[in-house]
Amino acid sequence: MTTAVIFDMDGTLFQTDKILELALNETFSHLRSLNLWDTDTPIDTYRKIMGVPLPTVWEILLPEHSNEIRQQMDAFFLEKLVANITRGNGALYPNVQEILHYLHENNYKIFIASNGLTLYLHAIVTYYNLDKWVTETFSIQQNRTLNKGDLVRTIIDKYKIKAGTVVGDRISDINAAKDNALVSIGCNFDFANEAELAHADHVINDLSELQYILTEIGLNPD
């Protein structure tokens, strides 16, 4: 039986907060240089909506701007995120490499399913050499519905997954697990919301706890 552990990326494996403010400030500085923004960078607003697809992010952050401007800022922001990753300004959460190594050595299939864009995810996976453990990384760009539950279904269908869990920090991750009859494990990390985590089957405060939970619930590869 193929048993999968499907991880979210932002706020779960990768400490997005370390590059978020840098890239967002650069993006809104660019907007100011174009005379298209005249107030502070909306960092707090973005923190509240972390985990939603980027088209939705720009609709919320730039409600008065045209779709053309939103798309331009989306591309600019992505460029700055990737630049900060490759400069080493980001970081994985504690125990990411240890838990991925453990899962790989114990024959779990490891995947990443993220609302992040392909280029961004590739930058993280490449910089931190995650592909030595991760079977495949899936971006929301691969799914027309922009729904994480559908993205997880793509993984299940492609790899004939029979059992597993979705590990993430937001309600989209929890719902993706439930929509596909998988176990949901909520991460009480930087961007987590207590009300959202209340819907998870299990909640962890550190990725090292994942090993214990998988053993406790008997979610082991055959």
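Modeller: Helices (H or I, at least four residues) and strands (E, at least two) are DSSP runs, numbered from the N terminus. Bear in mind that this is a predicted model, where local features need pLDDT of at least 70, side-chain atom pairs count only at pLDDT 80 or more, and totals for chains, interfaces and linings use all residues. Residues are numbered from 1 along each chain as its sequence is written, and side-chain values use heavy atoms, with hydrogens and water left out.

The part to look at is helix H4, residues 67–86. H4 has 20 residues and reaches 29 Å from its first C-alpha to its last, close to the expected 28 Å (the expected span being 1.5 Å times one less than the number of residues). Its buried residues are Ile69, Arg70, Met73, Asp74, Phe76, Phe77, Leu78, Leu81, Val82, Asn84 and Ile85; buried means under 20% relative accessible area, exposed over 50%, and partly exposed in between, with a 1.4 Å probe and protein chains only. Those buried residues pack against helix H1 (17–33), helix H2 (43–49), H3 and helix H6 (118–127).

Take H3 (residues 54–61) first: its axis and that of H4 come within 10 Å and cross at roughly 120 degrees. That makes H3 oblique to H4, given that angles under 35 degrees count as roughly parallel, over 145 as roughly antiparallel, 65 to 115 as roughly perpendicular and the rest as oblique. On the H3 side, the contact is made by Leu54, Trp58 and Glu59, and on the H4 side by Arg70, Met73, Asp74 and Phe77, where contact means heavy atoms within 4.5 Å. Sorted by class, the residues of this H3–H4 contact come out as four nonpolar, no polar and three charged. For the classes, Ala, Val, Leu, Ile, Met, Phe, Trp, Tyr, Cys and Pro count as nonpolar, Asp, Glu, Lys and Arg as charged, and the others, Gly among them, as polar.

Now for H6. The axes of H4 and H6 come within 9 Å and cross at roughly 0 degrees, which makes H4 roughly parallel to H6. Here Leu78, Leu81, Val82, Ile85 and Thr86 of H4 meet Leu119, Tyr120, Ala123, Ile124 and Tyr127 of H6. The class count for the H4–H6 contact is nine nonpolar, one polar and no charged residues.

Asp10 sits in the loop between strand E1 (3–7) and H1, and counts as buried because its relative accessibility is 15%. Asp10 and Leu92 are 82 residues apart in sequence, yet their C-alpha atoms are 9.6 Å apart in space.

Finally, the way out of H4. Just after the helix, Gly88 takes a positive phi of about 80 degrees. Further on, in the loop between H4 and H5, Asn95 has a positive phi of about 70 degrees although it is not a glycine. Most residues other than glycine have a negative phi. Asn95 is partly exposed, at 27% relative accessible area.

How values were computed
Axes are lines fitted to C-alpha atoms, for helices over the stretch in contact, and angles run from 0 to 180 degrees between N-to-C directions.
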